[in-house]
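Take a moment with the sequence and the fold below. Then read on for a short tour of how the pieces meet.

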Amino acid sequence: MFVRTENAAEFKRFYPVTFTLICIHIALWLLAALPSHLAESFIHQLIGVNSLISQGDYWRLFTPIFLHLSFSHLLFNSFSLFLLGPGAERILSSYKFLLFYLTCGLLGNIVTFLIQSSFYSHVGASGAIFGLLGFYLYLVIKQKHMLSKSNQQIIVVFFNYWITFRSANARNQQYSSFRWRYCWISSRFSYVQTEKQATDIRPALGFNIKSG
């Protein structure tokens, strides 16, 4: 499930949603790196800025899912999606996987908007990735028959590594605690889905952007 042997063409054909999401990550990061005022202005319209969301820019709850602050940020989240996406897309189907992934990312950004100050700005796919971790956590706990022993062990190791890494980079304990609870909530949300299937962005205009 987590060992990739496909070439690029096969990966695109077997997991079209995962492939497209990773391509969007890369394309937007490259666009943000261009020394262009137009490109910078466009990217700024996609950043999650709480003060602007509260003024009606509600699309900013959705668009930060596809943006990344630095190359390492892009690499970490895209690799996580590359590792976790195909299995979930295969289990849920491409359409349901896309819906689940975007819903998790949107919910994560909504909670970020609610618990952070109006000066807070953010980008990143961490909310959606945490949703995928919650999905696999649910499988390990409740649907073990869908996973081999080796896959269960990989999930637990990756889960612990990912949580530890993200917690170490969290700005405060409240936000880190939220990530833990959000991951558990997403694992409960996964119940309905799996039961059916069992059968470098630069800071713009003075905002201090946080990576997620």
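Predicted model: local features only at pLDDT ≥ 70, side-chain atom pairs only at ≥ 80, totals over all residues.

The chain has nine helices and three strands. Read from the N terminus, the elements run α-α-α-β-α-α-α-β-α-α-α-β. The chain counts 212 residues, and 50% of them are buried.

Start with the helix pairs. Two packed helices are described by the angle between their axes and the distance between the axes. Helix 2 spans residues 16–33, and its axis comes within 9 Å of the axis of helix 6. The two axes cross at roughly 40°. On the helix 2 side, the contact is made by Pro16, Val17, Thr18, Leu21 and His25. Helix 6 supplies Ser94, Phe97, Leu98 and Tyr101. By class, the residues of this contact are six nonpolar, three polar and no charged.

Helix 2 also packs against helix 3, which covers residues 37–44. Here the angle is about 130°, and the axes lie 8 Å apart. Helix 2 is therefore oblique to helix 3. Leu28, Leu31 and Ala32 of helix 2 meet Ala39, Phe42 and Ile43 of helix 3. This contact holds six nonpolar residues, no polar and no charged ones.

Now follow helix 6, residues 94–115, to helix 7, residues 126–142. Their axes come within 7 Å and cross at roughly 120°. Helix 6 and helix 7 are therefore oblique to each other. The crossing is right-handed. From helix 6, the residues in contact are Phe97, Phe100, Tyr101, Cys104 and Gly105. They face Gly127, Ala128, Ile129, Gly131, Leu132 and Phe135 of helix 7. The residues of this contact divide into eight nonpolar, three polar and no charged.

Where does charge pair with charge? Side chains of opposite charge can pair when their charged atoms come close. The whole structure holds one salt bridge. Its partners are Arg60 and Asp57, with N to O at 3.1 Å. Are these two residues buried or exposed? Residues under 20% relative accessible area count as buried. Arg60 has a relative accessible area of 1%, so Arg60 is buried. Asp57 is at 17%, so Asp57 counts as buried too.

Two further residues deserve a look. Arg4 sits in the segment before helix 1, which runs over 8–14. Which residues does Arg4 touch, leaving aside its neighbours within four places in sequence? They are Phe11, Tyr15, Phe82 and Pro86. The C-alpha atoms of Arg4 and Leu83 are separated by 8.1 Å, though the two residues are 79 residues apart along the chain.

Ser93 is the other. Ser93 lies in the loop between helix 5 (71–92) and helix 6. Ser93 is not a glycine, yet has a positive phi of about 90°. With a relative accessible area of 30%, Ser93 is partly exposed.

How values were computed: Residues numbered from 1 in each chain as written. Heavy atoms only, no water. Axes fitted to C-alpha atoms, helices over the stretch in contact; angles between N-to-C directions. Helix = DSSP H or I, 4+ residues; strand = E, 2+ residues; numbered from the N terminus. Parallel < 35°, antiparallel > 145°, perpendicular 65-115°, else oblique. Left-handed = near helix turned anticlockwise from the far one by under 90°. Contact = heavy atoms within 4.5 Å. Nonpolar A, V, L, I, M, F, W, Y, C, P; charged D, E, K, R; others polar. Salt bridge = Lys/Arg side-chain N within 4 Å of Asp/Glu carboxyl O. Buried < 20%, exposed > 50% of the residue type's maximum accessible area, 1.4 Å probe, protein only.
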